[in-house]
Amino acid sequence: MTTIRGRAPLRLGLGGGGTDVSPYSEDFGGRVLCVTIDRYAYATVSSIADGVEFVSPDRQCAGRAAHGSLDVLAGDFALHLAVYRRMIQHHNAGKDVSIRLATQVDAPPGSGLGSSSALVVAMVRAMADYLEVSLDQYELARTAWEIERIDLGMAGGWQDQYAASFGGFNYIESGPDRVIVNPLRIQPGVEAELEASLLLYFGGVSRDSATVIEQQQQNVRRGDVDALAATHAIRAEAERMKNALLVGDIDGFAASLEGGWLAKKQTSSVISNPAIERAYEVASSAGMVAGKVSGAGGGGFMMLMVDPDRRLDVKRALEGECGGIVTNTHVTHRGAESWTVTGGLR
């Protein structure tokens, strides 16, 4: 029995988030700075006797159906089914295969870490390997983007798929019909100091990113002057953050992170809320220098830049006064990958 396992890293959106969303991306050009971290989405494809089985232990659900009845799986497994159908149609001449596709993610849905898109990238990577199809990093990211944005009609941008596919620090540019990934070579000492200064805070509240993104899109489409000016400011801060990282200016990076967050809140009324503002206030009092909500906003993980000597102060204050969990995080430089399982624990 053939078993293929794939994984794709989750990401932190450092700057430029929202400029990768239509129509802003096509009209003005998106600019996003992001980095992948040591949390992953996993997908395992293995052969079974007949039909298709989807399993998601982290969501505690599973489903199985015959090839002619796959629509019954769409409710709990919309992403899985869309990946399966796209790969069969485009890379197996429409011929069904009998497989078990099992997945899990190191973060909850709505985390703001690009978990859904990383999951799609991991599934596409594993399915491609199983079908003996060669996809380069751009093709992998584009396929995952099309599955989410076109096949399923999900609102969102493109940074998550490309970040998960390429891995590491990337400055990503977009135009009407193109996405260009610029890998950044950050000095080891700068990366280490950044890791020492970063904390992630999860208050236990996820959000539907599509709702947040749709409001941002509407504001741009109707020509909301304030929202458009704020999005321009977000794009400018992303470039400043990139330049600060390249020269090792951690203080400048933190200042741009703060500026980007303030601008982000001007793009939509649902970006922040009282719980987020309270956590921000508590963290600032305890030693946070700058912070923002990762992803679209409205909930999920907060990314905090703190004085490294006060990491525990920030952790204790947030967990004690706001609840939730504070963790550190580390950069990962490898993008999506897949391999054949030759052994394994049983």
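What follows is a chat about a predicted model of a protein chain.

Colleague: Before we start, what are the ground rules for this model?

Modeller: It's a predicted model, so local features need pLDDT of at least 70 and side-chain atom pairs count only at pLDDT 80 or more, while totals for chains, interfaces and linings use all residues. Residues are numbered from 1 along each chain as its sequence is written, and side-chain values use heavy atoms, with hydrogens and water left out.

Colleague: Okay, which residues touch the most other members in the largest nonpolar core?

Modeller: Those are Leu12, Leu14, Tyr84, Phe169, Leu245, Phe253 and Met305, out of 71 residues in that core. A nonpolar core here is a set of buried Ala, Val, Leu, Ile, Met, Phe, Trp, Tyr and Cys residues joined through side-chain atoms within 4.5 Å. Buried means under 20% relative accessible area, exposed means over 50%, and partly exposed is in between, using a 1.4 Å probe and protein chains only.

Colleague: And which helix gives the largest share?

Modeller: Helix α3, residues 115-130, with eleven residues. Helices (H or I, at least four residues) and strands (E, at least two) are DSSP runs, numbered from the N terminus.

Colleague: Where's the other core, and how many residues has it got?

Modeller: It lies apart from the largest one and has 19 residues, among them Val282, Val293, Val314 and Ala317.

Colleague: What about Val120, buried or exposed?

Modeller: Buried, because its relative accessible area is 0%. Val120 lies in helix α3, and beyond its neighbours within four places it is in contact with Leu79, Val83, Ala144, Ile147 and Glu148.

Colleague: New topic: in what order do the four strands of the open sheet come?

Modeller: The order is β9-β10-β8-β11, and the pairing is antiparallel. Two strands pair if DSSP finds at least two bridges between them. The edge strands, β9 (288-293) and β11 (325-327), each pair on one side only.

Colleague: How many bridges join β8 and β11?

Modeller: Three, in the antiparallel sense, with β8 covering residues 198-202. Phe202 stands opposite Ile325 in β11.

Colleague: Which strands does helix α10 lie across?

Modeller: Helix α10, residues 274-286, lies across β8, β9 and β10, running at about 160° to β9. Helix α9, residues 250-264, lies across β9 and β10 (301-306), at about 40° to β9. For those angles, axes are lines fitted to C-alpha atoms, for helices over the stretch in contact, and angles run from 0 to 180 degrees between N-to-C directions.

Colleague: Which residues of α11 are buried?

Modeller: In α11, residues 311-321, the buried ones are Val314, Ala317 and Leu318. Seen down the helix axis, they fall within an arc of 90°, so they line one face of α11. That arc is taken from the directions from the helix axis to the C-beta atoms. On the other side of α11, Arg316 and Gly320 are exposed.

Colleague: What do the buried ones pack against?

Modeller: The buried residues of α11 pack against β8, α10, β9, β10 and β11. After α11 comes Gly323, with a positive phi near 75°.

Colleague: Last one: how many aromatic pairs are there?

Modeller: Six. Rings of Phe, Tyr and Trp (its six-membered ring) pair if their centres lie within 6.5 Å; planes under 30 degrees apart count as stacked, over 60 as edge-to-face and the rest as tilted. The rings of Phe54 and Phe77 have centres 5.7 Å apart and planes at 50°, so that pair is tilted. Phe54 sits in strand β3 (residues 52-56) and Phe77 in the loop between β4 (61-65) and α2 (78-91), 23 residues apart.

Colleague: Is Phe54 buried or exposed?

Modeller: Phe54 counts as buried, at 0% relative accessibility, and Phe77 counts as buried at 1%. In another pair, Tyr138 and Phe166 have ring centres 4.9 Å apart and planes at 75°, so it is edge-to-face. Ring pairs link Tyr138, Tyr162 and Phe166 into a cluster.

Definitions and conventions
Contact means heavy atoms within 4.5 Å.
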